[in-house]
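Student: I am new to this structure and would like a close look at one part of it. Could you walk me through the salt bridges, step by step?

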Amino acid sequence: MWGGAKTRWIAYALGCELLAVVATGAALATGFGGPVRPVWFASLIALGVAQAEMSRRIERLRRWMSGQMHINVTSVWYLAGVVLLPPAWVALLAVVLYTHLWVRVWRQVRTRPAHRFVASTAWAMLSCFAASSVLAVLGLHGTPLQTPRGLFALCLAAAVFELVNIGLVAAGIYLYTSQRSVADLIGTWEDNAFELATLCLGGLAALALIEQPMLVVFVVAPLLLLHRYLLLKQQLQVAAVTDEKTGLLNTAGWHESAVREHARVQRRGAAGGFAVLMIDLDHFKRINDTYGHLTGDDVLAAVAVAISGSVRQGDTVGRFGGEEFVVLLPGIGRADVLAIAERVRVAVGELNVVISTGSGTVRVSGLSVSIGVAGHPDAGPTLDDILRAADAALYRAKEAGRNRVAV
């Protein structure tokens, strides 16, 4: 996020935050939407906090693994609040529940910095405020939910909440990352199906609070189960693209990232570019033959750490199989590419890998890598052209004596 994109995202986030505060304050001052039922407000806070506490570890793990799009199951309590509370009070409900999640879960997660938390809170407030305001304007607040009119109010509230939330979040993701694919901006069909299931539970929670408050606790169990299923789904997705020996992306995972970057560069034309490093650990067979394959695996893991620590935070490192690694370097010039490649080569050369085995300690040093470099668009217009060029450069580096960088 640089230059104009950064400025636009900050302006958008600040605008949403200001609008959320002003709208909530004005509604509180005017009593828009009618009086609040304190017992419902307090009940939804208690339920939301209790559910978050019971699933705190799951939510933290999900946030660590999530990208830009993240399904937040607290929308159960937001939709119930939209139906039961005036606009300002349901916005305050969102503030309380988001703040609790920040204090107890998100502030410890690197992918959830404070500025994104504040923006997300504002988007939740505006989504809740918009849905509740529609019901208030149409006179649907307080309509018995077991009647056709009440069912219509519930469906309308869910639709307005979801559409406003999708629009606000998609705009924020676009300004923050410049991503344009539908899945990146609004999630997959499966993501949205999970969100729909969450909203259905929200409708049941609202009905329970109106008709038989004690029954609302029965919403919590399926919600916790849904939350755990979402975690398992993310774990399976991560496992499918992760190399088990090094923790890096496997070939399929890295290639998927490279395809997305290539598509982004194609959209931006001459304004974009990227490079690829193809890295091969020299004489790796000697390590396996001398120390055994288990020690060889430990050496590969150490080399993976050295490579990851030598590239930029936004670069993508993967293992291509055997002793070969690959790095995707988006938005970079030729001089910087060569500097990073040289940094990788030096870092691996400085490794001193100490491994404890059943028969003692093994120390492996004197490692080296050969690196092939290729960039878009110089090496060709397609991703396959770039990979072939990097692979050819790698073999030139090995033929020239290894432990060097070739372009």
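Tutor: Happy to! A salt bridge here is a side-chain nitrogen of Lys or Arg within 4 Å of a carboxyl oxygen of Asp or Glu. Keep in mind that this is a predicted model. Searching the whole structure turns up 12 salt bridges.

Let's begin with Lys245 and Asp297, whose side chains meet in a salt bridge at 3.4 Å, N to O. This pair links distant parts of the chain, 52 residues apart: Lys245 sits in the loop between α10 (220-240) and α11 (251-268), while Asp297 belongs to helix α13 (residues 293-310). Lys245 counts as partly exposed because its relative accessibility is 40%. Asp297 also counts as partly exposed, at 22% relative accessibility.

Now turn to Asp280, which forms a salt bridge with Lys398; their closest N and O atoms are 2.7 Å apart. Asp280 lies in strand β1 (residues 274-281) and Lys398 in helix α15 (residues 383-399), so this pair ties together parts that are 118 residues apart in sequence. Both Asp280 and Lys398 are buried.

Another salt bridge joins Arg402 to Asp282, with the closest N and O atoms 4.0 Å apart. Here, too, distant parts of the chain are linked: Arg402 is in the loop between α15 and β7 (405-406), and Asp282 is in the loop between β1 and α12 (284-291), 120 residues apart. Arg402 is partly exposed, with a relative accessible area of 30%, whereas Asp282 is buried, with a relative accessible area of 4%. Finally, salt bridges that share partners join Asp280, Asp282, Lys398 and Arg402 into one network.

Technical notes:
Residues are numbered from 1 along each chain as its sequence is written. This is a predicted model: local features need pLDDT of at least 70, side-chain atom pairs count only at pLDDT 80 or more; totals for chains, interfaces and linings use all residues. Side-chain values use heavy atoms; hydrogens and water are left out. Helices (H or I, at least four residues) and strands (E, at least two) are DSSP runs, numbered from the N terminus. Buried means under 20% relative accessible area, exposed over 50%, partly exposed in between (1.4 Å probe, protein chains only).
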